[in-house]
Amino acid sequence: MSEPVGSPAPHHDAVKIGIVSISDRASSGVYEDKGLPALQDWLTRALHNPIAFESRLIPDEQDGISAALVGLVNAGCCLVLTTGGTGPALRDVTPEATLAVAHKEMPGFGEQMRQISLKFVPTAILSRQVAVVRDQSLIINLPGQPKAIAETLEGLKDADGKQIVPGIFAAVPYCVDLIGGPYLETRDEVCKAFRPKNAVRAPRPA
């Protein structure tokens, strides 16, 4: 809903978000990485908050992935999104690296991502994405393809734009609230966040 003419613009918390693309070939320059631009584009469209991105392009090495995740959490990222390395191939170790640094596991995110992807391909059951909490940060593994990233974050809509299946990002802002992070505010036309009424914060003037 637009603000009345003459009213001050609402204030949105500035946030730091980590985005990590995990690929042997992209990190070595064999082909152009498309994961980081896809993540940055979607988050910029989805959030009202001013975002400072911390990006990493790294190979499929478990210890290196874990170290990158810990570094981003320690740098103050309230949210860390990874793309790549979540299948059953021998070099796919992103879930193991993520679980190794977890303080709490959040299995619902992975379950919902696979439900969304199953609407498109039966091989979605091969995806092993996980989500975890470390300190005051939420870390989520996403699929490797830009189209699948947007589908799992936004969910599925009909031709009129009505939500059919909720995307996982609808639950992200409230999860970040609960772990002591900043107040994330989404653009409803991209992804409408859900919060209980008692958790909704009135707009603050800039």
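What is the order of the strands in the open sheet of 6 strands, and what is the sense of pairing? The order is E3-E2-E4-E7-E6-E5, and the pairing is mixed. Strand E3 (51–58) and strand E5 (104–105) stand at the edges with a single partner strand each, so one side of each has no neighbour in the sheet. Strands (E, at least two residues) and helices (H or I, at least four) are DSSP runs, numbered from the N terminus. Two strands pair if DSSP finds at least two bridges between them. Strands of a sheet pair through backbone hydrogen bonds, either parallel or antiparallel.

The model is predicted: local features need pLDDT of at least 70, side-chain atom pairs count only at pLDDT 80 or more, and totals for chains, interfaces and linings use all residues. Residues are numbered from 1 along each chain as its sequence is written, and side-chain values use heavy atoms, with hydrogens and water left out.

Strand E4 covers residues 79–83. Of its 5 residues, 5 are buried, where buried means under 20% relative accessible area, exposed over 50%, and partly exposed in between (1.4 Å probe, protein chains only). Both faces of E4 are covered. Leu 79, Leu 81 and Thr 83 lie on one side. Val 80 and Thr 82 lie on the other. Strand E2 (residues 15–22) pairs with E4 in the parallel sense over 5 bridges. In this pairing, Gly 18 stands opposite Val 80. E4 and E7 also run parallel, joined by 5 bridges. Here Val 80 stands opposite Ile 139 of E7.

The pairing of E7 with strand E6 (residues 131–134) is antiparallel, over 4 bridges. Ala 131 has Ile 140 in E7 as its bridge partner. The hairpin of E6 and E7 has 2 residues between the strands. In that hairpin, Asp 135 takes a positive phi near 55°. E5 pairs with E6 in the antiparallel sense over 2 bridges. Glu 105 has Val 132 in E6 as its bridge partner.

Ser 137 belongs to strand E7 (residues 137–142). Why does Ser 137 count as buried? Its relative accessible area is 3%. The side chain of Ser 137 reaches the backbone oxygen of Cys 77 at 2.5 Å. This is a polar contact, a pair of N or O atoms within 3.5 Å; within protein, one must be able to donate a hydrogen and the other to accept it, and residues adjacent in sequence count only if both atoms are side-chain atoms. Neighbours within four places in sequence aside, Ser 137 is in contact (heavy atoms within 4.5 Å) with Val 73, Cys 77, Cys 78, Val 132 and Ile 179.

Asn 49 is found in the loop between helix H2 (35–46) and E3. Asn 49 counts as buried, at 4% relative accessibility. Its side chain reaches the backbone nitrogen of Glu 185 at 2.8 Å. Beyond four places in sequence, the contacts of Asn 49 are His 12, Asp 13, Val 15, Tyr 183, Leu 184 and Glu 185. Asn 49 and Gly 71 are 22 residues apart along the chain, and their C-alpha atoms are separated by 22 Å.

Glu 151 lies in helix H6 (residues 146–154). At 15% relative accessibility, Glu 151 is also classed as buried. Its side chain makes a polar contact with the side chain of Lys 147, at 2.4 Å. Not counting residues up to four places away in sequence, Glu 151 touches Ile 116 and Phe 120. Glu 151 and Pro 203 are 52 residues apart in sequence and 29 Å apart in space, C-alpha to C-alpha.

A search of the whole structure finds 1 cavity of 30 Å³ or more. A cavity is a set of points, on a 1 Å grid over the protein atoms alone, where a 1.4 Å probe fits but cannot get out; lining residues have an atom within 4 Å of a point. The largest cavity holds about 40 Å³ of space. Its lining consists of His 11, Tyr 183, Glu 185, Arg 201, Ala 202, Pro 203 and Arg 204.

Definitions and conventions: On a 1 Å grid over the protein atoms alone, a cavity is a set of points where a 1.4 Å probe fits but cannot get out, and a pocket is an open set with protein on both sides within 12 Å along at least five of seven lines; lining residues have an atom within 4 Å of a point. Grid points are joined across faces, edges and corners, and a volume is the space filled by probe spheres set on the points.
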